[in-house]
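Subject: Structure handover

Hello,

Here is the structure we talked about. Please have a look at it first, then read the notes below.

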Amino acid sequence: MAISRKSNKLAQTAMIKQILKRCSSLGKKQSYADEQGLPLDVPKGHFVVYVGENRSRYIVPISFLTRPEFQSLLHQAEEEFGFDHDMGLTIPCEEVVFQSLTSMLR
């Protein structure tokens with residue numbers, strides 16, 4: 001059981017690293033605050049996701065990536081959209097649901 005839990009943890013870590021790498025390369029057409037490539041309106045320790053039919057933009061803390069509730073959304077995003085595209089990290093859920101979830105995670 002410990003081996004299964006460890007391999008699951010490694011898989012989650014790999015997924016989080018992939019997402020962070022993907023998020024850090026998003027928004028290349030935006031204005032940047034510095035040579036690190038951070039958009040002006042995204043504070044350090046945060047990343048951008050797009051939610052709902054209108055692709056509303058949300059800035060969320062990186063700490064959300066470790067939360068099982070948020071990881072579930074990320075798995076749905078990977079299944080529906082994949083992570084290798086130029087649309088940004090898009091979460092396939094209604095905005096109301098996303099807002100409710102993120103307010104509980106804060």
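Some terms first. Two strands count as paired if DSSP finds at least two bridges between them. Helices (H or I, at least four residues) and strands (E, at least two) are DSSP runs, numbered from the N terminus.

This is a predicted model, where local features need pLDDT of at least 70 and side-chain atom pairs count only at pLDDT 80 or more, while totals for chains, interfaces and linings use all residues. Residues are numbered from 1 along each chain as its sequence is written, and side-chain values use heavy atoms, with hydrogens and water left out.

**Overall**

The protein chain has three helices and three strands. Along the sequence they follow the pattern α-β-β-α-β-α. Of the 106 residues, 34% are buried. Buried means under 20% relative accessible area, exposed means over 50%, and partly exposed lies in between (1.4 Å probe, protein chains only).

**The sheet**

The three strands form an open sheet in the order β2-β1-β3, with mixed pairing. β2 (56-61) and β3 (90-91) are the edge strands, and each pairs on one side only. Strand β1 (residues 46-51) runs parallel to β3, and two bridges join them. Y50 stands opposite T90 in β3.

Helix α3 (residues 95-105) lies across β1, β2 and β3. Its direction is at about 15° to β2. Axes here are lines fitted to C-alpha atoms, for helices over the stretch in contact, and angles run from 0 to 180 degrees between N-to-C directions.

**Helix α2**

Helix α2 (residues 68-80) has 13 residues. From first C-alpha to last it reaches 18 Å, close to the expected 18 Å. That expected span is 1.5 Å times one less than the number of residues.

F70, Q71, L73, L74 and A77 are the buried residues of α2. They line one face of the helix, because they fall within an arc of 155° seen down its axis. The arc is that of the directions from the helix axis to the C-beta atoms. On the other side of α2, P68, E79 and E80 are exposed. G82 follows α2 and has a positive phi, near 75°.

**Where the helices meet**

α2 and α3 pack at an angle of about 150°, with their axes 10 Å apart. E69, F70 and L73 of α2 make the contact with F98, L101 and L105 of α3. Contact means heavy atoms within 4.5 Å.

Best wishes
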